[in-house]
Structures are given as structure tokens and as C-alpha cells.
Amino acid sequence: MNNPLADAIRKVAYSLLTLLVVLIFYLTYIQFYEGSFLSSHPLNRRSALLMKQVERGAILDKNGKILAQSRLDSDGYKRVYPEGRLFAQLVGYSSDKLGKTGIESTANGELSGMSDPWRYFGAISHVLFTRHGHSVVLNVDANVQEVAYRALGNHKGAVVAISPKTGQILALVTKPAFDPNHIEEEWQSISTSTEGLLLNRAVQGLYPPGSTMKVLTAEAALFENVATINKTYQSKGMLKIPPDYVLHEINDKAYGNLTLQQAFAVSSNVVFGKIALELGRARLAKAYDRFGFQKSLDPSISESMSRLPDFPQLSDGDLAQSGIGQASLLVTPLRMAMLAAAIANQGKMMEPYLMNKIVDAQGSIVKQYSPHEWLTATTPEIAFLVKQMMVSDVDQGTGRGAGISGISVAGKTGTAENPHGEDHAWFIGFAPAEHPVVAVAVIVENGGFGGTIAAPIARQVFSAVLH
């Protein structure tokens, strides 16, 4: 005989048991699968409060120079930045009021120690274990960073230096900058400044690349057998593109007959506009794809994605503009350094990376980062031909300002029109041309001619790395 009361109690018991199983499963999932992400998240208030109790790990350059460290005072641990503005956007800041940016944010788990297995012990870990975060050693060289920072002078802009053979980022400079030591006290003026002090221009600034993109257009012409390095083009100072568009040389200068190499050295808009039209929309788009302009990088770099034209919808005039790095094309300085590095590295593009290793408080390596081949952008033969053109540009063309006595330098200048003011000055290149050690991209906002402003800055960075 059924007992209604017993049935009801059984149903309630089953329901409670089911809820208990679901709760245990969810807590297990949160603890073991989401724990690392949640505990180290920069917006986690508990992590922010723990920061005052835990000696957060240091951030160092490749030679062991301290870029950020924790110091103990009466209020707990406080973050200090010995290099001040020099690494402001790259290293970022760590504030319990404002959160974290830069490496302080992307490596927060390692720096705070929240990525360690002992975090599963909760409050017990405070008693059983020493509370030290791990230190992060970057690939950047503080000496190169300082040279690039000083070379920019009072200009707004960015400098990126990377190793073509490994992808290690050697310098990542942005100006203007702020002092992270006073981020809380000066937050109002820093955050509202019209100078864009918080923007990491090297990886988040999007700019028209101008004539530096002729490196890619030349590569595409050779790759697709549209041109040879000695193919001759005629420039009458302007190129009329039906129905009503006209592409001009600088000052409408008529160069006459030019080989591809000569056109590269004088940075002829007419010749590279013609090449873009010969390539067509699909083959030009394919070249951007081969060099990874729409492929995401490691999240620790926090890069803004390039904005490429909608190639199938381009008019002929806009297609010609794309061939000279204009139209609606916008890229970061890092991407232009990667383009130069791929040519330097015989067509192989290494994935750029900032962090060299993670070490514990005793100096033992917890994690070592390694070079990684990212893309095969072009062939060694075509990379060699493009390199020849880039060497010619520095030896005899618009890039002479980047030349170094006794060292062969490859490069390309750019003077990019932008709708917000004076032209941006660009230079991309690498050195030594025969055995490349460093590839560089320089942009000076509203700086005018790339050969006059940006190329000499690149020369100083090359010298800092090579000497």
C-alpha cells in the first residue's frame, strides 16, 4: 500500500541529492578548470587585496634590468617602476584602484603567484607556503628601448625592433607616455589627456602605411609573375584611371622609364599604382593573407587587428591607392616590422613574442618561451630580390638617412597621407642586410617625409643593436 507521505519525502530527498550533485560538479569545475583564469583576472578584487600581502614578482629586461618590482611599506606591498615613462605602455601598471594593464595584466597569474598549484589550498596556503609571485623576463633590451625613446624626441610615434630569426621583440616604444609610478595620483590628467597617453601606439595604433607597403606590392608582383626586377614602367608624373581618378607622383615629377628596382628606390606612386592594377583585387588580397595581416598574434601582445580594404569592392582608383599603402588600409607599426623581418628572414615569418621566461623566487626557470615559425610568407628567391630593392633604397634612394657606414642596410621609407593632419613619416628595414640581426619599424605622427624624419631614427636603433 502506497504511503503518500513517504513518497513525498523520497521525492524531496532525490531533488536535494540531485541539487547537491550539481553543486559539487559546478564547484569542482570552477575550482579546477576556471580557477586559474578567475583568480588571476585583473578585475578580481580579491586578487587586488592580496597584492598588498604578496610580494609580486619583478618584470625584467633581457639583461636583468628591473622594469617593475614590489616594495614593502607600512601599507603593504607597492608596485614601483624604476624606468618610469620608458616602458609605461609595454609594462603597464598595477593598481588596486585602477586595475592592471600591459605585462602587469597579461602575466598577472605568474606575477601574483595565482597560477601556482598551491592556490587550491585556499586560506591554508597563507600559512604553509611562502607568498612570492614569479618574475617575468622579457626579450626587450632596455638600452635599445632607451635609444629609440630618445631618438623619437618630442614627436608622437612608435618604434618596434624585432629579431628576424627568432621573433623576439627587442624594443617596443611609444610616445608620448605617462609615469606609472604616479598613475593613481595623476589618473584624471592622464586618462583625459588629448595626447592619448594610455595608447600603446606600437601595437594598438592603426596608421596608413604609405609607401612602406610598396615592399609588399613589389613582393606580390614578383610572386605572381606580374613583374621582374628589371621590368620597365613609364611614369609621366601622374596616372589617369578611368573614369575620373588621377594618381600623382610627389610634386607630379615625371620620372620617365623606370625599372621596378628604380621605381622602388624613388618610391614611384605611378609605377606601383600600375602594378596594383595589373595584380588585381584577388592577388593583392592574397599577398596580405600570405603575410598574416588578418591573423591574430599571441594575446600577451594585445594588438589591434589591421583594417584591410574590402578588396572585391574596390574601385580601380582605390585599388591603385592600395598598391601604394593608402586607401582605407590601416596597420600597426608591429605589423610593418614583421613585414620587414619576413623579407630579412628569407620569407619565413617568426611569431613575435615578448616574454623570454618565467622564474621563481629562487631563480629557477618555471617556463621558457621559444622561437616559433609562424608563416612562410614568400620564397627565399623573392625575398632576396625584394631585399636588393630595399638595399638600393637606402644606398641610393629615399632611405639614405638610415644608412650606416660599413654596414649594408635594407629599408623603405613612407610618407603616408592621413585625413587628420600632416603626413605620417615611416621607415621599415633591417640590418645588416646580408646577415640580419634586427628589423625595425618607425612611425612619426604628422612627421612629414619618412626619409627625413623616420629613417634617421631607425639608423640610431640599428646602431644600438649592432654596436
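So, in H16, the buried residues are Ile382, Ala383, Val386, Lys387, Met389, Met390, Val391, Ser392, Asp393 and Val394. By buried I mean under 20% relative accessible area, with exposed over 50% and partly exposed in between, using a 1.4 Å probe and protein chains only. Helices here are DSSP runs of H or I with at least four residues, strands are E runs of at least two, and both are numbered from the N terminus.

Before I go on: this is a predicted model, so local features need pLDDT of at least 70 and side-chain atom pairs count only at pLDDT 80 or more, while totals for chains, interfaces and linings use all residues. Residues are numbered from 1 along each chain as its sequence is written, and side-chain values use heavy atoms, with hydrogens and water left out.

How far apart are the end C-alpha atoms of H16? They are 24 Å apart, which agrees with the 24 Å that its 17 residues, 380-396, should span at 1.5 Å a residue. That expected span is 1.5 Å times one less than the number of residues.

After H15 comes Gln346, with a positive phi near 55°.

On to the sheet. There's an open one of 6 strands, in the order E3-E2-E1-E6-E14-E15, with mixed pairing. E3 (76-80) and E15 (365-368) are the edge strands, each pairing on one side only. Two strands pair if DSSP finds at least two bridges between them. E1 (residues 59-60) and E6 (residues 135-138) run parallel and are joined by 2 bridges; Leu60 has Val137 as its bridge partner in E6.

Zooming out, the chain has 17 helices and 19 strands. Its C-alpha trace spans about 100 × 65 × 40 Å along the principal axes, and 53% of its 467 residues count as buried.
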